[in-house]
Every structure is written in structure tokens, then in C-alpha cells.
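Please read it alongside the sequence and the structure shown here.

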Amino acid sequence: MNGESPASRRERLVNDDRRCLWHPFTQSAEWLSYEPLIIEKAEGPFLIDVDGRRYLDGVSSLWCNVHGHGHPRIVAAMHEQLDRLQHSTLLGLSHAPAIELAARLVELAPPSLTRVFFSDSGSTSVEVALRMAFQYWRQCGKPERSRFVTLAEAYHGDTLGSVSLGFSEPFHSGYETITFRVHKFEPPFLCHPLNGRGACDGEDFERAAQESLERLEHFLQRDGDTVAAVVIEPLVQGAAGIWPQPPSFLRGVRELCDRFGCLLVCDEVATGFGRTGTLLAIEQGGIAPDILCLAKGLTAGYLPVAATLATETVFEAFSGRYGEYKTLFHGHTYGGNPLGCAAALANLDVFEHENTLERSRRAAATLRGLLDQHIAPLAHVGPPRQQGLMVGFDLWKDFDRGLRFAADERCAHRATLAARERGVFLRPLGDTMVLMPPLTLSDELLEVLVTTAAAAVRSVTGA
Ligand SMILES: Cc1ncc(COP(=O)(O)O)c(C=O)c1O
């Protein structure tokens, strides 16, 4: 590179990063206090930095990588598409990769979901869902159905509509005037008698799910006819801290939406594409939402394509003469990008040809054993929560007394820096440690992941 030595290139990149880059969800003052890790390339489950050091990608590049990096089948499909068409709009035009992907998604989704709207991120897939649900009721002559109901601590993205759904006091206070209010109800995890400290299985957890449903029912009995949609992350609330729900909860929410006539939106941006042990998490509850949001793993984590699927009933409500203005006036320049759609089609092929779901279930069973052995016994750690290949466990100053570490201690953050020194990249959620490996990580690397996380936690908690 212009005769530049690796050391001076590294220095230039570090300096320019610190001078010019604004990193997402990152406190810039803190960012400057440690050496940035600059990734040059990736191979399978490893990220490789500019100095050639390898790091196990323990959170699948923010939960989107499915089969590891550089899968030859997906890369070849992208190359092929690259030579043919890099981008062309879906506004007033169509192209084969989007058509083929839409047909494929309709095939794999519950039969009632027949229409696919493409965008380019998880957040935009949720914005589209909000627009569909809100406008649907206006066009059905029920404009009073304009409110949304979500789970407490929900996260649906960072555009302002999705921020409204996931409004969080510490992150968003001050944003009240440019967001809309939603009704929130406590998910099973928070209804557990140990309120955020309980294990997510057994009878107590089922009872917690019933209590959560009663809270939703209570609200809908009073205000149900003003509700456009109930929006949930099905089976696992990811960014809240990997909070699972029993499948009975999904069935309960679907029944309540039917009883009170509201739409159900399932945001599978994090849970979709094998993360929870089935291709879609809703399969485990045997339910079909009215609107389904997909992103992250849709392209195996290679390119930004998202999809919002809707029923024919919802779609039909938008049909009419142009002058009736029933159109969904929404669209993103790169929505349904052909390269991304080609990657997504190849991703689905890999699921079929490599038996990915079955292998991911075996990996999840191995992971459970490793968590029991290495994480559960640690002092300052609560019971690990796992659904498929999504894992979270909380760090506690004093678990029995329910005492958290102070936010400024940055306990889990420091643990992830300690893991990085040991060759594993992790990213926490507050004081929740998150493990989210690619779906077919080998047993040996699962062990490296868990034992490194355990060592990192011990190094910061002193236990
Ligand atoms: C459930 C859920 N919905 C939406 C999003 C937002 O996705 P994106 O970051 O692609 O906008 C996320 C991201 O983590 C998510 O977990």
C-alpha cells in the first residue's frame, strides 16, 4: 500500500479513526481510552485484525452472521450477481433476485404471510411494519386503532418509530416530543417471582408467562379497541438482555390479539434464521403474526437487506384508485438491493444443503453443557439464559441481595476487553454478557468461547 509499512498503516488508521469516526452506541471519551481493534478480514468464525491477530467472533458481528464469514457458496452468489447488476430500484421496477427472494420467503413463512416489502435494516423493517399497521386501520375505517403495545425493555431499532416502541428511560429521555407513546407490559422474565433474577425454565417461568399475559389482557380489556398492533420480539427479547419467553407465551399473545381484534407484529430481526433452533422463532409457538420483520441473518450477515412480510388482508387494504391515496408511501433507495437478495437466496440454500438447523441444535446442546460447567458456578454471575444460540448472563455485585455493579464500573465492558486480550470478541448489553456464536461453530470453538468468557469474567470480578 504505497510502500507504507504495516506499523505506519496501523498508526494512520488508529489516528484517523480517533479523528474522524463516530462509532455507534459508543461513548467516544471511553473509546479514546483504549486501543481500537481494526478488522482487516474474516475467515469462518474468526475476525482478523490489521496486525494479523485472530479473534473468535463471539457475537456473530452483532448477531447477524449465520454460517461464519466468507462462506464460499454465498460469496460466489454475490460475485455472480455483482457482475450482472449491482443495484436497481424497486420503485416502479423489479429485478429477479428480489422476486425470487420474495417467493422464497413466502414459502418458508407461515402460509398466511403472502406479501414481502423490502428495506435495508432491522429498524426500517419495523418502521415499515408500523406504517402498515397504522395505515391499515385507517383504511379499514377504524382510525381510532392507532396505538401500539410492546414489551417492557423491548428493542426494535434506532429510527424514531422503532425508538418509540422501545423507548428506554436512560437512553431516550428528552426524546419524548419527537417520539410517540406506547403501552408497555412486563414480559415473563420480569413477572417471575425473582424479578429479573430467576432461571428461565420450569413451572415458575410458565406461571410468569401467564401473569404477563394477564397484564396484557387487562390492558386490552380496557383499551383494546384503540390498539393498532401488539409488537413483540418472539421467544427471546434480545437487547433487553436475552430474556426468553416460553412458547406458550407466544400462543397467549396471538389469542389475545385475535380476541381483541388487534394486529400482531413479530420482530424476528434478532431471532430469525436459526438463532433460536428453528428457522423462525414463531414456529416454536406454532403461531403466525399479521406482520413479520426480518433482517440481520436474512443475508447470512453479509449485506443489509430487510423484509417486512404481511398477510393478504393487510395488503388488500392498501389497494385502490391512486387518487384514494391508499398507497403505502414508503420506500428506501437500497431496499431489496439485488446483491443482498442474491446473498439471502444463497444463505437459504446453505441452510438446506448443510443441515444448518440440525447442526445448530447440536451446537446449542453442547453450549448448554459448557455454560453449566463453566459459567453457572461463577461468583457474581446469575443463571445463564439460553435459547438456541442466544445466551445472556448477568454480572452482579451481590446476586442474592439483587445488587448491581455501578454503571460507571463498566464491569461487563471490562470483561469483554479481557476476553479480547484472550482472542475472543464479545460485546455486552449493560452488565449482561452475551454469547451469540455462528450457528455451526465447532464443539472445540464453543469451548474456547465459554472458557474464555468465564476467565474474562473472573479477571474483572476477582472471583
Ligand atoms: C429485535 C430487533 N429489532 C430491530 C433491530 C434493529 O436492527 P438494525 O440494527 O439492523 O436496524 C434489532 C437490532 O439488534 C433487534 O434486535
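This is a predicted model: local features need pLDDT of at least 70, side-chain atom pairs count only at pLDDT 80 or more; totals for chains, interfaces and linings use all residues.

Helices, meaning DSSP runs of H or I with at least four residues, are numbered here from the N terminus. By that numbering, helix H6, residues 122–139, gives the most to the shell around the ligand, with three residues.

**Ligand shell**

- Of the 14 residues around the ligand, those that come nearest are Gly-122, Ser-123, Gly-157, Val-269 and Ala-270.
- By class, the residues of this shell divide into six nonpolar, six polar and two charged.

**Helices H15 and H17**

- The axes of helix H15 (residues 356–375) and helix H17 (residues 443–461) come within 10 Å and cross at roughly 30°; angles under 35 degrees count as roughly parallel, and H15 and H17 are therefore roughly parallel to each other.
- H15 passes H17 in a right-handed crossing, and the contact is made on the H15 side by Ala-363, Thr-366, Leu-367, Leu-370, Leu-371, His-374 and Ile-375, which meet Asp-443, Leu-446, Glu-447, Val-450, Thr-451, Ala-453 and Ala-454 of H17.
- The residues of this contact between H15 and H17 comprise nine nonpolar, three polar and two charged.

**Helix H16 and its packing on H17**

- In helix H16, which spans residues 411–421, the buried residues are Cys-411, Ala-412, Ala-415, Thr-416, Ala-419 and Arg-420.
- These buried residues of H16 pack against strand S3 (54–57), strand S15 (424–425), strand S16 (432–435) and H17.
- H16 and H17 pack at an angle of about 125°, with their axes 8 Å apart, and that angle makes H16 oblique to H17.
- The crossing in which H16 passes H17 is right-handed, with Cys-411, Arg-414, Ala-415, Thr-416, Ala-418 and Ala-419 of H16 making the contact with Thr-452, Ala-453, Ala-456, Val-457, Ser-459 and Val-460 of H17.
- Sorted by class, the contact of H16 with H17 has eight nonpolar residues, three polar and one charged.
- Gly-423, whose phi is positive and near 90°, follows H16.

**Helices H4 and H14**

- Helix H4 (residues 72–84) packs with helix H14 (residues 338–353) at an angle of about 150°, their axes being 8 Å apart; angles over 145 degrees count as roughly antiparallel, and H4 and H14 are therefore roughly antiparallel to each other.
- The crossing of H4 and H14 is right-handed, and its contact is made by Arg-73, Ile-74, Ala-77, Met-78, Gln-81 and Leu-82 of H4 together with Pro-338, Leu-339, Ala-342, Ala-343, Leu-345, Ala-346, Asn-347, Asp-349 and Val-350 of H14.
- The contact of H4 with H14 holds 11 nonpolar, two polar and two charged residues.

- Leaving aside residues up to four places away in sequence, His-67 touches Ala-300, Val-350, Thr-356, Pro-438, Leu-439 and Thr-440.
- His-67 and Val-350 are 283 residues apart in sequence, yet they lie 8.3 Å apart in space, C-alpha to C-alpha; Val-350 is also one of the H14 residues that make the contact with H4.

How values were computed: Residues are numbered from 1 along each chain as its sequence is written. A residue is near a molecule or strand if its C-beta atom, placed from the backbone, lies within 6 Å of it. Helices (H or I, at least four residues) and strands (E, at least two) are DSSP runs, numbered from the N terminus. Ala, Val, Leu, Ile, Met, Phe, Trp, Tyr, Cys and Pro count as nonpolar, Asp, Glu, Lys and Arg as charged, and the others, Gly among them, as polar. Axes are lines fitted to C-alpha atoms, for helices over the stretch in contact, and angles run from 0 to 180 degrees between N-to-C directions. Angles under 35 degrees count as roughly parallel, over 145 as roughly antiparallel, 65 to 115 as roughly perpendicular and the rest as oblique. A crossing is left-handed if the near helix is turned anticlockwise from the far one by less than a right angle, and right-handed if clockwise. Two residues are in contact if their C-beta atoms, placed from the backbone, lie within 7 Å. A residue is buried if 20 or more other C-beta atoms lie within 10 Å of its own, exposed if 12 or fewer, and partly exposed in between; C-beta atoms are placed from the backbone.
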